[in-house]
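Morning, everyone. I have one structure to walk through today. Please have a look at it while I talk.

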Amino acid sequence: MLFVFAGIFTELAKSIRRKIRPRFMKADGVTPAQPGKFVYDVMGTIATAFILNYAGAAFIFLALEPSLVLYPQLYWIGHVLVAIGYVVVTVLPTPKNQPTQRGAAPRAAPATSSPATAKANEATAAPGDVISPKNK
């Protein structure tokens with residue numbers, strides 16, 4: 001149960017980072033907007049610790065039956081919070097001026113081409129790739 005729930009939670013966390021985190025950053029996407037970013041970080045840490053401890057109980061029991069006894073006693077709160085999170089993140093629009101990831105620069109073509117580079121390109125070309133005649 002832990003691994004299934006952790007996978008679902010990971011997808012939710014990615015969606016939250018994509019749609020909610022930019023609202024706590026300045027326009028450049030790198031500088032945090034204070035104090036909102038601090039509150040976002042603290043709430044994220046608390047939510048992560050709660051969900052991982054909630055889901056980790058099933059791993060500690062090493063059996064399905066005790067988990068199915070525990071979760072109803074906790075009113076399935078972790079499952080409910082994740083479901084509510086998915087609904088909220090699905091409804092929220094993605095910010096328009098979302099910056100690209102840090103360090104992800106566009107790939108540029110090499111400035112010069114040598115016969116060795118051309119052979120390497122041919123060797124690593126996938127089926128269907130077009131290799132320009134000047135590289136041959």
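I will go through the fold, the core, the pocket, the salt bridges and then some backbone details.

First, a caution. This is a predicted model.

Let's start with the fold. The protein chain has five helices and zero strands. Along the sequence, then, the pattern reads α-α-α-α-α. The chain has 136 residues, and buried residues make up 20% of them. Now the contacts. Take those in the protein chain with a separation of 6 or more: residues 24 or more positions apart account for 61% of them.

Next, the core. Which residues touch the most other members of the largest nonpolar core? They are F5, I51 and V82, out of 13 residues in that core. Three helices each supply at least two of the core residues: α1, residues 2-19, α2, residues 36-61, and α4, residues 77-91. The largest share comes from α2, with five residues. Look at V82 in particular. Leaving out residues up to four places away in sequence, V82 touches F5, I8, F9, L12 and I51.

On to the pocket. Rolling a probe the size of a water molecule over the atoms shows where empty space is left. Here, the largest pocket has a volume of about 610 Å³. Its lining counts 23 residues. Nearest the centre of the pocket lie F9, I16, M43, G44 and A47. Which helix gives the largest share of the lining? That is α2, with nine residues. Each of α1, α2 and α4 supplies at least two lining residues. What is the lining made of? It divides into 16 nonpolar residues, four polar and three charged.

Now the charges. How many salt bridges does the structure hold? There are two.

Take K14 and E11. They form a salt bridge, with the closest N and O atoms 3.2 Å apart. Both residues sit in helix α1, three residues apart, about one turn of the helix. K14 has a relative accessible area of 34%, so it is partly exposed. E11 also counts as partly exposed, at 37% relative accessibility.

The other pair is K37 and D41. Here the closest N and O atoms are 2.8 Å apart. Both residues lie in helix α2, four residues apart, again about one turn of the helix. Is K37 buried or exposed? K37 is buried, because its relative accessible area is 10% and the cut-off for buried is under 20%. D41 is partly exposed, at 34%.

Last, the backbone. Most residues other than glycine have a negative phi, and most peptide bonds are trans. P35 is in the loop between α1 and α2.

Then go to the loop between α3, residues 64-73, and α4, where Y75 is placed. Y75 is not a glycine, yet its phi is positive, about 60 degrees. Y75 counts as exposed, because its relative accessibility is 68%. W76 lies in the loop between α3 and α4 as well. W76 is not a glycine either, and its phi is positive at about 55 degrees. At 31% relative accessibility, W76 counts as partly exposed.

That's my tour. Over to you.

Note on methods: Residues numbered from 1 in each chain as written. Predicted model: local features only at pLDDT ≥ 70, side-chain atom pairs only at ≥ 80, totals over all residues. Heavy atoms only, no water. Core = buried A, V, L, I, M, F, W, Y, C linked by side-chain atoms within 4.5 Å. Buried < 20%, exposed > 50% of the residue type's maximum accessible area, 1.4 Å probe, protein only. Contact = heavy atoms within 4.5 Å. 1 Å grid on protein atoms, 1.4 Å probe; cavity = no way out; pocket = protein on both sides within 12 Å on 5 of 7 lines; lining within 4 Å. Points joined across faces, edges and corners; volume = space filled by probe spheres on them. Nonpolar A, V, L, I, M, F, W, Y, C, P; charged D, E, K, R; others polar. Salt bridge = Lys/Arg side-chain N within 4 Å of Asp/Glu carboxyl O.
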